Amino acid sequence: MKKSNVETDLRLCEKYGYDYIELRLDMLKDYFASHSIQELQSFFAGSHIKPFAFNSIENINFNTPSDWEKLLDLFKFGCETAQAIGNPYMIVVPTVRDDMVTKNEKEVLEDSVKVLNELADVAKPYGVKLSFEPIGNRRWCCNSMRQAMEIIQAVGRDDVGLTVDCINFYLHDKGADIGYLRKIPKEKLFVFHINDCEDLPLGILDHCHRVFPGDGVIPVQEVCDAVQAVGYDEIASLELFRPEYWEMEPEDVIRIGAEKCRQFF
């Protein structure tokens, strides 16, 4: 939200009864320009709300050496901060570029296994786990839950799992196979993002068309039921990238978000 920051988000999420928060790395960078890690530790020590995941390390695939070094710098910053405040998960996202549509699944699998192992090795001393999030649009090199699950299985580590996001599941094929979500092993489902979207054709539908859960066309209840059916009993993280919401008062977005989500659990 353009009108918000880490301090505001923490205060308002605490006020409206959120149990956990998924903090953005770019916002944390801004926070530390005028605050210390000790201040953040002190807030969580005295508050009900706790950190759950950092969002996100993006474009992890097919990097040049210089881009990989920049990514690692941000990743290490995230790991250090996560360890200091007890944040268990780091969300990592496949690469988006126009040329990703030319990559076949074998190439994507091999590169993803390589980079996920490298990142997990870096994160392990900090006690941080990686939650890999497929993005449903075809411009991302990994864009289906099936493909992501095959990658995670090939990695074969306890500290690398999946993020299931309602709109990303829907963006791939309009959620044609919700039953597939019930095949994800409980121990591999790390993070769940709840949201909804407008009724638009695939190819036009994008992340800017996200709406509050229950205000769109995604069968949110069915998705929630599916992830709960595998035994997932962690958090549902509200993730909205709608420009209209960025212009709203942060308190209104956070209050409405809490009200909209409760109907599904």
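Author: Happy to! Let's start at Val164, which is buried, with a relative accessible area of 0%; buried means under 20% relative accessible area, exposed over 50% and partly exposed in between, with a 1.4 Å probe and protein chains only. Before we go on, this is a predicted model, so local features need pLDDT of at least 70 and side-chain atom pairs count only at pLDDT 80 or more, while totals for chains, interfaces and linings use all residues. Residues are numbered from 1 along each chain as its sequence is written, and side-chain values use heavy atoms, leaving out hydrogens and water.

Val164 belongs to strand E5 (helices, H or I with at least four residues, and strands, E with at least two, are DSSP runs numbered from the N terminus). Leaving aside neighbours within four places in sequence, Val164 is in contact (heavy atoms within 4.5 Å) with Met145, Leu181, Ile184, Leu189, Val191, Phe192, His193 and Val227.

After H6 comes Gly156, with a positive phi near 65 degrees.

The axes of H4 and H5 come within 10 Å and cross at roughly 40 degrees; axes are lines fitted to C-alpha atoms, for helices over the stretch in contact, and angles run from 0 to 180 degrees between N-to-C directions. That makes H4 oblique to H5 (under 35 degrees is roughly parallel, over 145 roughly antiparallel, 65 to 115 roughly perpendicular, the rest oblique). On the H4 side the contact is made by Trp68, Leu71, Leu72, Phe75, Lys76 and Cys79, and on the H5 side by Val115, Glu118, Leu119, Val122 and Ala123.

H4 (residues 65–85) also packs with helix H3 (residues 37–45), at an angle of about 40 degrees and with the axes 9 Å apart. H3 and H4 are therefore oblique too. Here Ile37, Leu40, Gln41 and Phe44 of H3 meet Thr81, Ala84 and Ile85 of H4.

Finally, the rings. The structure holds seven aromatic pairs, where rings of Phe, Tyr and Trp (its six-membered ring) pair if their centres lie within 6.5 Å, with planes under 30 degrees apart stacked, over 60 edge-to-face and the rest tilted. Phe52 and Tyr89 have ring centres 5.1 Å apart and planes at 55 degrees, so they are tilted. Phe52 sits in strand E2 (residues 50–57) and Tyr89 in strand E3 (residues 89–92), 37 residues apart. Both Phe52 and Tyr89 are buried. In another pair, Phe212 and Tyr245 are stacked, at 4.4 Å centre to centre with 25 degrees between the planes. Phe212 lies in the loop between strand E8 (210–211) and helix H8 (220–229), and Tyr245 in helix H9 (residues 243–246), so this pair ties together parts 33 residues apart in sequence. Phe212 is buried at a relative accessible area of 4%, and Tyr245 is buried at 7%. Back with Phe52 and Tyr89, ring pairs join them with Tyr20 and Phe190 into a cluster.
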